[in-house]
Amino acid sequence: MKKNNAPKKGNKPLENALLTILKQNPNTPLNYKQIAALLGISNTNNKTLLPKILDQLEKRNAVKKVQRGKYLVVQNNLYFEGIIDVTPKGRGFVRVDNLPTEIEIKPYNLKTAFKGDRVEVYCYPRKRNGHYEGEIIKV
């Protein structure tokens, strides 16, 4: 039976931290050891997870391998800034000047944003019900 070496689903915080490090260094290719040092990871279990997470991110086109073992974040135009409006049911809608429709934010993706806040939004590359969907990155 083939051994499954894929990282577990509970590594979302490590994945987000990894992407944050790569976004802070957009023009510098980094290997997993450099990323581990920047994240302050000394645990060997987490260090061995980093290459597997990087491979998963490469399959999802979030990062690209530029050299053997060195990765860069993929720059895309899916980040927007706008003003959020929150409905009484807890859903948010971000008005962005560049888009014809608002970006819908589910309640669990609102973070700490309130009505009228200026927020940075990651827009998922799909449409649903005539609205773009996204999540709050920064308030």
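This is a short tour of a predicted model, from its confidence scores to a hairpin and then a pocket.

Before you click, note that residues are numbered from 1 along each chain as its sequence is written. In this predicted model, local features need pLDDT of at least 70, side-chain atom pairs count only at pLDDT 80 or more, and totals for chains, interfaces and linings use all residues, while side-chain values use heavy atoms, with hydrogens and water left out.

**Colour by confidence.** pLDDT is the predictor's confidence in each residue, from 0 to 100. The protein chain averages 83, and 86% of the residues score at least 70. Confidence is highest in β4, at a mean of 91, and lowest in β6 (residues 118-128), at 79. Helices (H or I, at least four residues) and strands (E, at least two) are DSSP runs, numbered from the N terminus.

Look for I84, which stands opposite V94. The two strands form a hairpin with 5 residues between them, and G90 in the turn has a positive phi of about 105 degrees.

**Now select N16, L19, K23, Y79 and Y122.** Of the 25 residues lining the largest pocket, these lie nearest its centre. α1 (12-24), β6 and β7 (131-138) each give two or more residues to the lining, and α1 gives the most, with 7.

Conventions. Pairing = 2+ DSSP bridges. 1 Å grid on protein atoms, 1.4 Å probe; cavity = no way out; pocket = protein on both sides within 12 Å on 5 of 7 lines; lining within 4 Å.
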